[in-house]
Amino acid sequence: MKRISFLLLVLVLLLLGCTEEKDNDGDWNLSPAFNVDNLTLHGTEGEFGVIKVNGESNELEFPAKQGRLYAVYFLNSLEELNGKKYKMTATHKENGESV
């Protein structure tokens, strides 16, 4: 479980460094925010959420080209998650490269 959490954290850091606020092409924007247990998460409500753990409170949630620590929350029931594999990918906005 710790290994999966660590790998997810590394992938999230790679993924989130490329995404900022909505820009002119309209396709790249910050996932909607929602609240769970007094936490403001970004992702898909009821399924998956991410929150910045460190950094300055007055900076963007996902500052480009700056390393940050993020916590990943799977919000589905344990029965839905048990035994399933998940894959998290990141796609670079400018060159389309996926990690």
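**Exercise 1. Among contacts in the protein between residues at least 6 apart in sequence, what percentage join residues at least 24 apart?**

Start with what you're looking at: this is a predicted model, where local features need pLDDT of at least 70, side-chain atom pairs count only at pLDDT 80 or more, and totals for chains, interfaces and linings use all residues. Residues are numbered from 1 along each chain as its sequence is written, and side-chain values use heavy atoms, with hydrogens and water left out.

Next, the term: a contact means heavy atoms within 4.5 Å. With that in hand, the share comes to 43%.

**Exercise 2. Work out the overall layout of the protein.**

Step one: count the elements. You'll find 2 helices and 4 strands; these are DSSP runs numbered from the N terminus, helices being H or I with at least four residues and strands E with at least two.

Along the sequence they read α-β-β-β-β-α.

Step three: check burial. Out of 99 residues, 23% are buried, where buried is under 20% relative accessible area, exposed is over 50%, and partly exposed lies in between (1.4 Å probe, protein chains only).

**Exercise 3. Is Lys 52 buried or exposed, and what does its side chain reach?**

First, find Lys 52 on strand β3, which covers residues 48-52. Its relative accessibility is 14%, so Lys 52 goes down as buried.

Now follow the side chain. It makes a polar contact of 3.1 Å with the side chain of Glu 59, and it also gets to the backbone oxygen of Leu 60 at 3.3 Å. (A polar contact is a pair of N or O atoms within 3.5 Å; within protein, one must be able to donate a hydrogen and the other to accept it, and residues adjacent in sequence count only if both atoms are side-chain atoms.)

Finally, look around: setting aside neighbours within four places in sequence, the contacts of Lys 52 include Arg 68, Leu 69 and Tyr 70.

**Exercise 4. Track down the aromatic pair and describe it.**

Searching the whole structure turns up 1 aromatic pair. The rings of Phe 48 and Phe 74 have centres 5.7 Å apart and planes at 65°, so this is an edge-to-face pair. For the cut-offs, ring centres of Phe, Tyr or Trp (its six-membered ring) must lie within 6.5 Å; planes under 30 degrees apart are stacked, over 60 edge-to-face, and the rest tilted.

As for accessibility, Phe 48 is partly exposed at 22%, and Phe 74 is partly exposed at 31%.
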